[in-house]
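Hi,

Here is the structure I said I would pass on.

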Amino acid sequence: MTETGTVNSAVPASGVDVLALAESWRREGRGVALATVIETWGSAPRPVGSHLVIDADGNFEGSVSGGCVEGAVVAEAAEVIADGAPRVLEFGVADETAWRVGLSCGGRIRVHVAPVA
Amino acid sequence: MDLATLAALNAERAARRAAVLVTPLAGGPVRLVRGGDDLAGDPLGPAIGEAFRSGRSATIATEAGEMFLTASLPPPRLVLIGAVHISQALAPIAAIAGFDTVVVDPRTAFATPERFAGVTLHAEWPEDVLPGLGLDPYTALAALTHDPKIDDFALTHALERGCFYVGALGSRKTHARRLERLTASPEALSRIEAPIGLDIGAVSPAEIAVSVIASVIAALRRRPA
């Protein structure tokens, strides 16, 4: 089953408005990529529509997984900023036992990473 | 997404207007659809309309490849007229349900921070404070004072601003007298829910609060696209 996004998922619990930050970083002339959770299965920690903004230096704000895969997304974002091509990343749990021990990152998510040009 | 599209989206968000972003996952131009745009003839019209109605973002398969629809709806607000017992229960329930909640009551004995810890409180008359709050189709208003001097302006103002839910505390008899006083079209007046709240036989202020939030949620989730 695909989970669905909240009404206003651009503002995470931290209170940072990720889309506004993406705009202001870009206006400063930084290379910027925006990552978005586009699909989830199972117990995904962040709903569809959640954003992470990344700049060319690896600074980031927001969340696509509550910390589980942000490192990988930030690394991929550097390449997206460099070559300008969007990508869809998929993260999951290979080991079925992960469900039983209740890892917060159980389940699978697809994340779209695109440049803000 | 190009900067101009992102800036346009952020402008809609800042103005509390609904928008949907259509992003081709394989790359290509991102399209911003504003609330109220004509969707007739748009091949993605039904899916975009559903995104506006539900507020849910989703990936859809199209002939032009996979698209991600970002639904950007203003966060729903609930304005409570009356710093009364029902409001004391309703404010925290509404906050848990995801509503930004505002309480308005000119009676300073009722509208105290002690009675409404952590709630945005305006100890002012509705006619003085509501116009500045920018009530809109993502705002619900519940008039709870029983006092026409406080409730009446708020009710007509909420109807004029297209609030998605307008409810008023009081019996059918009280409401019949209210309808004689209020100046608005019969169609507009028929949008006022009175007696207020889902009929669950609520008795206590807390139970009435639950019935009111149920009505508000039903109005939000079942509103026309």
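Below is what turned up, chain by chain. Keep in mind that this is a predicted model.

Chain A first. It has three helices and five strands, and from the N terminus on they come in the order α-β-β-β-α-β-α-β. The chain is 117 residues long, and 46% of those count as buried.

The residue I'd look at in chain A is Arg46(A). You'll find Arg46(A) in the loop between β1 (32-41) and β2 (51-55). So what does a buried arginine with no salt bridge have around it? For Arg46(A), the nearest side chain of opposite charge is Glu70(A), at 6.4 Å. What the Arg46(A) side chain does have is a polar contact with the side chain of Ser63(A), at 3.5 Å.

Next, the rings. How many aromatic pairs does a search of the whole structure find? Zero, over all chains. There are charges sitting over rings, though. In chain A, Arg108(A) lies over the face of Trp41(A), 4.4 Å from the ring centre. In chain B, the charged end of Arg107(B) is placed over the ring of Phe110(B), with 4.2 Å to the centre.

On to the rest of chain B. UniProt, in an unreviewed entry, lists residues 78-215 of chain B as "domain: XdhC Rossmann". In the model, that stretch is 42% helix and 17% strand, and its end C-alpha atoms are 12 Å apart.

Finally, some backbone geometry to check by eye. Most residues other than glycine have a negative phi, and most peptide bonds are trans.

- Arg16(B) is not a glycine, yet has a positive phi of about 55 degrees. Arg16(B) belongs to the loop between α1 (3-14) and β1 (19-24).
- His146(B), also not a glycine, has a positive phi of about 70 degrees. The loop that holds His146(B) runs between β8 (139-143) and α5 (148-160).
- The peptide bond from Ala194(B) to Pro195(B) is cis, with omega near 0 degrees. Pro195(B) is in the loop between β10 (192-193) and α8 (205-221).

That's everything from my side.

Cheers

Conventions. Residues numbered from 1 in each chain as written. Chains lettered and ligands numbered in written order. Predicted model: local features only at pLDDT ≥ 70, side-chain atom pairs only at ≥ 80, totals over all residues. Heavy atoms only, no water. Helix = DSSP H or I, 4+ residues; strand = E, 2+ residues; numbered from the N terminus. Buried < 20%, exposed > 50% of the residue type's maximum accessible area, 1.4 Å probe, protein only. Lys, Arg positive; Asp, Glu negative; His and termini not counted. Salt bridge = Lys/Arg side-chain N within 4 Å of Asp/Glu carboxyl O. Polar contact = N/O pair within 3.5 Å; in protein donor to acceptor, adjacent residues only side chain to side chain. Phe/Tyr/Trp six-rings, centres within 6.5 Å; stacked < 30°, edge-to-face > 60°. Lys NZ or Arg CZ within 6 Å of the ring centre and 35° of its normal. UniProt positions renumbered as here; feature names shortened; annotations may be inferred.
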